[in-house]
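Dear colleague,

Please find the structure below, handed over for your study. The notes that follow it set out what was found.

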Amino acid sequence: MIPATPPAGDLEQGVPVSVKIRERIAAAKRRFNANDNIAEFIEPGELEKLLDEVEHKMHGVLDSLVIDTESDHNTRNTARRVAKMYINEVFRGRYVEAPPITEFPNVERLNELMIVGPITVRSACSHHFCPVIGKIWIGVMPNEHTNVIGLSKYARLVDWVMGRPQIQEEAVVQLADLIMDKTQPDGLAIVMEASHYCMCWRGVKEMDSKMINSVMRGVFLKDSTLRREFLSLIPRKV
């Protein structure tokens with residue numbers, strides 16, 4: 001059964017913390033789509049209250065699915081586990097600030113193609129909240145003014161952007177915008193290949209189908225030879 005009263009904090013005062021966060025976003029005239037980051041509108045301590053609220057509402061979902069969470073030892077704590085999974089893990093990229101990225105000047109004036117990957121993608125489709133699992137390859141063509149960041153930082157940026165309900169076509173554009181802003185290269189190329197469990201687990205239940213898409217910026221758009229070089233160097237094996 002659904003708990004008779006909300007568990008803690010603002011819920012007990014009759015104002016869910018999600019409402020407060022939503023009001024701040026509205027006041028700033030910003031959107032809060034599934035793949036947006038809203039960390040700047042969340043005050044200290046509110047994530048824990050949001051977790052409590054999601055747990056409370058997840059109890060309602062389980063109750064409507066006619067699952068006896070009181071007697072069923074397997075689902076007794078499922079609402080809490082699901083809330084923690086969404087807030088602290090799979091959708092964490094919505095609720096926390098971007099990871100700190102140390103940027104260094106391109107002292108050696110590197111200007112050769114650099115490829116990072118494959119980087120593992122763990123996301124979820126915003127249509128069904130089913131997993132999206134795959135790989136990303138990133139190609140960077142630096143110039144003397146480009147900011148150099150460590151290889152591991154690319155993985156952290158991927159994890160942050162993909163840690164939200166996403167549509168693959170939009171996700172790679174978000175990632176490209178972020179990396180362009182952080183590094184200011186002459187060109188950027190991103191290829192993503194992923195399995196969508198909304199196709200594997202449900203619907204047509206097609207297990208072997210994958211989606212591949214790319215984003216090309218700067219010299220990768222203008223120079224077909226460079227574009228072919230990048231594409232030939234990425235071994236797409238997901």
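A residue counts as buried under 20% relative accessible area, as exposed over 50%, and as partly exposed in between (1.4 Å probe, protein chains only). The model is a predicted one, in which local features need pLDDT of at least 70 and side-chain atom pairs count only at pLDDT 80 or more, while totals for chains, interfaces and linings use all residues. Residues are numbered from 1 along each chain as its sequence is written, and side-chain values use heavy atoms, with hydrogens and water left out.

By the burial cut-off, 41% of the 238 residues of the protein chain are buried. Val-66 is exposed, because its relative accessibility is 74%. Val-66 sits in the loop between α2 and α3 and has a positive phi of about 60 degrees, although it is not a glycine. Lys-205 also has a positive phi, near 55 degrees. Its place is the loop between α7 (197-200) and β7 (211-218), and with a relative accessible area of 57% Lys-205 is exposed.

The protein chain holds nine helices and seven strands; these are DSSP runs (helices H or I, at least four residues; strands E, at least two), numbered from the N terminus. In strand β2 (residues 114-125) lies Pro-118, which a cis peptide bond joins to Gly-117, with omega about 0 degrees.

Two packed helices are described by the angle between their axes and the distance between the axes. Axes are lines fitted to C-alpha atoms, for helices over the stretch in contact, and angles run from 0 to 180 degrees between N-to-C directions.

How are α2 and α3 oriented to each other? Helix α2 (residues 46-64) packs against helix α3 (residues 78-90) at about 135 degrees, with the axes 8 Å apart. The two are therefore oblique, the term for angles that are not under 35 degrees (roughly parallel), over 145 (roughly antiparallel) or 65 to 115 (roughly perpendicular).

Helix α5 (residues 151-162) and helix α6 (residues 168-183) cross at roughly 140 degrees, and their axes come within 10 Å. Helix α5 is therefore oblique to α6. In their contact (heavy atoms within 4.5 Å), residues of α5 including Tyr-154 and Trp-160 meet residues of α6, among them Gln-174 and Leu-178. This contact has 10 nonpolar, two polar and no charged residues. Here Ala, Val, Leu, Ile, Met, Phe, Trp, Tyr, Cys and Pro count as nonpolar, Asp, Glu, Lys and Arg as charged, and the others, Gly among them, as polar.

Yours sincerely
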